[in-house]
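Here are my notes for you to read with the model open. Take the points one at a time and find each spot in the viewer as you go.

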Amino acid sequence: MRPSHHHIATLSLLALGLAACSDSIPAPDEVTFDENVRVFTAKTIYTGNPDEPQISALIVNDQGRILATFRFGSHAYATTPDGPAEIINFEGATLFPGFVDGHAHLLGIGQREMTLDLTGTASIDDLTTHIEAVAFDAPADQIIYGRGWIETGWPDARMPTAADLDKAAPNTPVILIRADGHALVANTAAMTAAGISADTPNPAGGKIERDASGAATGIFIDKAMALVTSLIAAPTEADIATALETGAQVYASRGWTGLHNMSVSAMEAPIMEALDTAGKLPIRLHNAYDTDGFDIAATRAHETDTIQNRAVKIYMDGALGSRGAQLLAPYSDQPDTSGLSLTSQGDLSDTVSRAATDNVQLAMHAIGDQANRRLIEMAERMSPTVGGMSNLRWRIEHTQILDMSDISRMANSGLIASMQPSHAIGDLHFAPDRLGQDRLAGAYAWQGLLDAGALIVGGSDAPVEVGSPLIEFYAATARKSLDGISGEGWHPEHAVSRAQALAMFTSAPAFASFQEDDLGTIEVGKLADLTAFNADLMTIPEADILKAEPVATVVAGQIIWQAD
Ligand SMILES: [Zn+2]
């Protein structure tokens with residue numbers, strides 16, 4: 001039933017003046033809507049839209065679409081059929097288009113919350129102390145499984161070994177995944193249970209680290225990890241559902257409205273769909289499946305309003321820390337290796353032709369300069385047959401180390417660079433050892449790539465990193481460690497501006513997920529995905545970015561998380 005009269009809600013916007021600023025922006029005294037609307041306002045609102053960079057309020061309908069925006073100085077009155085429009089005022093906060101993590105692993109983010117989290121472990125001693133405490137209570141048949149250690153800042157300056165862990169857990173198998181997911185350390189009990197001996201050969205694409213006598217040290221790299229992780233029971237569907245839900249809630253609470261979810265296994269697709277249908281997956285997901293999910297991406301199966309299934313992830317190489325990144329020239333600190341290729345040229349060409357035919361987006365992991373060059377050359381070869389690679393919106397995940405001559409080639413290739421600012425400020429502690437000073441000029445080369453015209457999607461790679469929009473925004477703009485320090489070879493000229501960083505986490509991920517008509521900026525006609533922080537990230541001193549906090553997260557006009 002229609003109410004007999006219209007209530008009028010008054011929006012008193014900032015008292016900066018009464019006149020409208022521009023002819024092109026509507027600033028009427030009263031706007032009547034024939035549907036229910038909500039008004040969002042805040043101290044400052046950055047839109048990401050260069051035609052109207054800042055506004056004072058936006059009006060959103062029940063479907064979450066933005067119907068109107070208002071600028072400073074205007075007084076707007078919103079009327080709806082049901083009475084006054086609801087006004088959601090984030091008061092002292094600053095509102096942005098929704099921050100999207102362009103590369104993370106939702107399942108791993110949830111699992112990190114639920115298993116032994118070794119993030120922040122400070123030394124080998126610290127690590128073994130953690131394990132000792134858990135092993136003391138562990139039943140005889142349990143396997144201790146943890147994740148998140150990384151030795152790069154440790155005083156020991158080496159990876160842990162089986163012998164280190166044996167002191168803490170002589171009988172219980174222990175398997176601890178390095179933060180980057182590309183290496184693990186196992187103790188002797190785990191290696192014995194897995195049947196590892198000095199005679200066990202390195203599998204293709206993997207390496208068992210050995211001592212001078214040829215015995216395994218406990219470190220397993222890339223595809224060798226499966227030799228020991230096979231001991232761990234696969235998680236049940238219920239475990240996976242719990243982890244995905246937990247991960248999504250953690251992400252909403254950090255201010256992320258969406259996540260480009262990498263390396264998703266096919267079995268997760270129906271679980272995510274069911275969770276979302278039940279209202280338990282509050283953020284948007286753009287999923288990139290392992291190759292076992294190729295058909296899901298090709299048929300767009302199990303999609304919902306907020307879940308998109310059209311991408312597949314492949315791996316060209318490993319990671320830099322564990323010397324799995326495929327380099328053009330040998331490692332500076334281990335000249336007998338140039339890293340690992342995880343995809344042969346033959347497999348690459350099969351995958352790219354199938355993906356092009358089936359209109360599947362490829363998200364291609366490449367860290368080393370050799371791995372990146374192989375993809376750039378592939379794109380240059382394919383471009384004429386697909387009418388330009390930019391149509392496909394294929395992405396290089398990490399794009400971490402480029403030969404200097406490949407920066408402009410990358411920009412011209414039509415491939416999207418998907419990069420993680422926090423990797424640089426973590427890796428630059430050890431990257432000079434691995435690469436030498438000369439090769440650092442093209443490493444984590446954000447500004448060089450932007451200047452050359454490339455599109456960069458920003459991400460965190462959580463659970464490899466924390467997965468915080470504020471840490472990523474700081475890393476991208478400061479290019480300093482979290483305590484404000486930069487070192488030789490850190491190339492501060494590759495830091496980006498605040499506006500560029502904002503684009504990396506808002507408009508760029510929208511484009512890289514084919515959603516730029518709906519997401520990425522605050523504009524009339526788009527969906528109201530919004531992130532509110534308690535500080536103005538565009539103007540506060542650099543060091544204060546890390547002290548800022550999320551205030552609220554809005555997806556399609558619905559508040560999915562709000563600070564207490
Ligand atoms: Zn990743």
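1. Let's begin with N359. This is a predicted model, and in it N359 has 12 C-beta neighbours inside 10 Å, so this residue counts as exposed, the limit being 12 or fewer. N359 sits in the loop between α9 and β20. Have a look at its backbone too: phi is positive, about 55 degrees, even though N359 is not a glycine. That deserves a second glance, because most residues other than glycine have a negative phi.

2. Now jump to T399, in the loop between β21 (395-398) and α11 (406-413). T399 isn't a glycine either, and its phi is positive as well, at about 45 degrees. Is T399 buried or exposed? With 31 other C-beta atoms within 10 Å, T399 is buried, since 20 or more is enough for that.

3. Most peptide bonds are trans. You'll find P463 in the loop between β23 (456-458) and α15 (469-478).

4. Next, zoom out to the sheet. Eight strands make up an open sheet with parallel pairing, and the order is β10-β17-β18-β19-β20-β21-β22-β23. At the edges are β10 (99-104) and β23, each of which pairs on one side only. On average, neighbouring strands here are turned by 25 degrees against each other, if you ignore direction.

5. Let's follow β19 (residues 307-315) for a bit. How many of its nine residues are buried? Nine of the nine are, so to speak, tucked away: β19 is mostly covered. On one side, β19 pairs with β18 (residues 284-289) in the parallel sense, over five bridges. Within that pairing, I307 is the bridge partner of L285, and A311 stands opposite A288.

6. β19 also pairs with β20 (residues 361-366), again parallel and over five bridges.

7. Last stop: which strands does helix α7 (residues 268-277) lie across? They are β17 (256-264), β18 and β19, and α7 runs at about 150 degrees to β19.

Note on methods. Residues are numbered from 1 along each chain as its sequence is written. This is a predicted model: local features need pLDDT of at least 70, side-chain atom pairs count only at pLDDT 80 or more; totals for chains, interfaces and linings use all residues. Helices (H or I, at least four residues) and strands (E, at least two) are DSSP runs, numbered from the N terminus. Two strands pair if DSSP finds at least two bridges between them. Axes are lines fitted to C-alpha atoms, for helices over the stretch in contact, and angles run from 0 to 180 degrees between N-to-C directions. Two residues are in contact if their C-beta atoms, placed from the backbone, lie within 7 Å.
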